[in-house]
Amino acid sequence: MKQQNVLIKKISSIFLVILYFLLIGWMFKDIMSRETVVSKNTNILVMGTNATFKPFEYKDNGKVVGFDVDLAEEIAKSLGAELKIEDMSFDGLLPALESGQIDMAVAGMSVTEDRSKNALFSDSYYVASQQIIVKNESPIRNKYELVGKSIGVQLDQMAQKINNSRVVQFPTVPNVLQELTSGRVDAAILDNAPAAQYVSSYSSLKILETPLSRESYAIAMKKGNQ
């Protein structure tokens, strides 16, 4: 009888331990499901972007619009899903993919070797070029005359390769161009499409004709997400 009671107590203890871990697991799963932005419902597709990159993504009366948004809308439509947009810093997009905060990053993102280590990219949907922007009276006429100059950028792809240059990074394209017009940097390097859109509002600036480079934009997804 004594051995039987001991056995019953052991079985009860094991049962309580299993029940405890099941309860903890259920609570953790519930917390995670409430904290994540991505809906577990496949009818919602979450796009991450940085709405400061006209004409690809920008705000119009508080709403995020642009070519990338139109593209994402078509993707969502083809999946029978509703598109949800998360506007965040560009540098936060790939970490947001990794953590599951967003399903895809559609943000005029160039495919680079480093980024491909941390994300899966779609086929390219746009080929961009890097352009030099200067003030109208600037003596700078090509990339060779950027040596030793201060260069404003939003996303640095090419400026670091210019000898003795001082590269200053800003969060948005308008910030870059404002610094250029005020004379705090000698030139700016931006992608051609946003450069054309924003520079048109600055009569004191011009875009040099010869592109620095060409690069492909693609949609980034979490590795393993086919």
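## The chain overall

Of the chain's 226 residues, 39% count as buried, meaning under 20% relative accessible area with a 1.4 Å probe, protein chains only. This is a predicted model, so local features need pLDDT of at least 70 and side-chain atom pairs pLDDT 80 or more, while totals for chains, interfaces and linings use all residues. Residues are numbered from 1 along each chain as its sequence is written, and side-chain values use heavy atoms, with hydrogens and water left out.

There are 6 helices and 14 strands in the chain; these are DSSP runs, with helices being H or I of at least four residues and strands E of at least two, numbered from the N terminus. Take the contacts (heavy atoms within 4.5 Å) between residues at least 6 apart in sequence: 68% of them join residues at least 24 apart.

## Where α5 meets α6

Helix α5 (residues 173-181) packs against helix α6 (residues 192-199) at about 60°, and their axes are 11 Å apart. The axes are lines fitted to C-alpha atoms over the stretch in contact, with angles running from 0 to 180 degrees between N-to-C directions.

On the α5 side, the contact is made by V173, P174 and L177; α6 brings P194, Y198 and V199.

## A look at S204

S204 sits in the loop between α6 and β12 (205-207). Setting aside neighbours within four places in sequence, S204 is in contact with V134, K135, N136 and T181. L180 is 24 residues from S204 in sequence and 9.7 Å away in space, C-alpha to C-alpha.

Methods:
Buried means under 20% relative accessible area, exposed over 50%, partly exposed in between (1.4 Å probe, protein chains only).
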